[in-house]
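The model is shown first.

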Amino acid sequence: MRIRVWDALVRVLHWTLAAAIATCWISGHWPPRDFDAVHHTAGYVAAAAVVLRLLWGFTRGTAARYARLAQFVRSPRAVLAYARAMRAGREPRYLGHNPLGGWMVLALWATAAALSLSGWLYTTDWLWGYEWLSDLHAWLAWGIATLVVGHLGGVVVTSWRHRENLVAAMFSGAKRAPEGDDVA
C-alpha cells in the first residue's frame, strides 16, 4: 500500500529548483558567454522556488503535513543520533525527510537563496564589477554543486537501505506505507 507524502506543490517546487540550479550551472559555465539572460532568469526562478517553498513550509494544512518545516527540521542532537544509527546500519525509515535530509534541504535552500541574492547584487549599479562579489558567487556555486552531490548520494543510500525509490516518490508524491515499527 502507498500513501501520499509530498503534495503537488512540494514536488513542483523541488523539480523547479533542481532545473533552475542545473540551468544556472550550465549557463554559468558554458564557454560562449551568451547565456546571461538564461542564467539570470534561472536564478530568479530558483529564488522564487525557495521563497514559495519556505512559505509553504509554514502552512498548517493537512495536505502539507510532510512539507512543514516543523515536521522535518530536527535538533542537532536528533541529527547526530540519526547519523550514528546510519553509520551502524540501523537508521529508522522516515516517511518525510530523515533528520540529515532535513538539514540538507535547509543547506540547499540557503545556498540557493545566497546565490540568487549575490547574482542579483552583481547586476546592480551599486555592486556591479566588484571582484569579491563575483568570487563569493563562484564559491557559492561550487558549494551548491557539492551539496547537490551530497543530496543525490543521500537519496541513493537511503533508497538502497530502505528498498525504496525516492526519486520515483518525488515524482509521484507517494511512498510505501509503514508496516509496524517500520517508520520513525
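## Basis

Contact means heavy atoms within 4.5 Å. The model is predicted: local features need pLDDT of at least 70, side-chain atom pairs count only at pLDDT 80 or more, and totals for chains, interfaces and linings use all residues. Residues are numbered from 1 along each chain as its sequence is written, and side-chain values use heavy atoms, with hydrogens and water left out.

## Nonpolar cores

A nonpolar core is a set of buried Ala, Val, Leu, Ile, Met, Phe, Trp, Tyr and Cys residues joined through side-chain atoms within 4.5 Å. Buried means under 20% relative accessible area, exposed over 50%, and partly exposed in between (1.4 Å probe, protein chains only). Helices (H or I, at least four residues) and strands (E, at least two) are DSSP runs, numbered from the N terminus.

The largest nonpolar core has 19 residues, and Leu-17, Trp-109, Ala-112 and Ile-144 have the most contacts inside it. Two or more residues each come from H1, helix H2 (36-57), helix H3 (69-72), H5 and helix H6 (131-161). H5 gives the largest share, six residues. Leaving aside neighbours within four places in sequence, Ile-144 is in contact with Ile-21, Leu-108, Thr-111, Ala-112 and Leu-115. A second, separate core has nine residues, among them Val-10, Ala-64, Ala-67 and Met-170.

## Val-5

Val-5 is in the loop between strand S1 (2-4) and H1, and counts as buried at 2% relative accessibility. Beyond its neighbours within four places in sequence, Val-5 is in contact with Tyr-66, Leu-95, Gly-96, Gly-173, Ala-174 and Lys-175. From Val-5 to Ala-112 the C-alpha separation is 24 Å, at 107 residues apart in sequence.

## Aromatic pairs

Rings of Phe, Tyr and Trp (its six-membered ring) pair if their centres lie within 6.5 Å; planes under 30 degrees apart count as stacked, over 60 as edge-to-face and the rest as tilted. The count by this rule is four aromatic pairs. Trp-15 and Phe-171 are stacked, at 4.4 Å centre to centre with 15° between the planes. Because Trp-15 lies in helix H1 and Phe-171 in helix H7 (residues 166-172), this pair ties together parts 156 residues apart in sequence. Trp-15 is partly exposed, at 30% relative accessible area, and Phe-171 is exposed, at 54%.

Tyr-82 and Tyr-94 form an edge-to-face pair, with 5.8 Å centre to centre and 70° between the planes. Tyr-82 is in helix H4 (residues 76-87) and Tyr-94 in the loop between H4 and helix H5 (99-123), 12 residues apart. Both Tyr-82 and Tyr-94 are buried.
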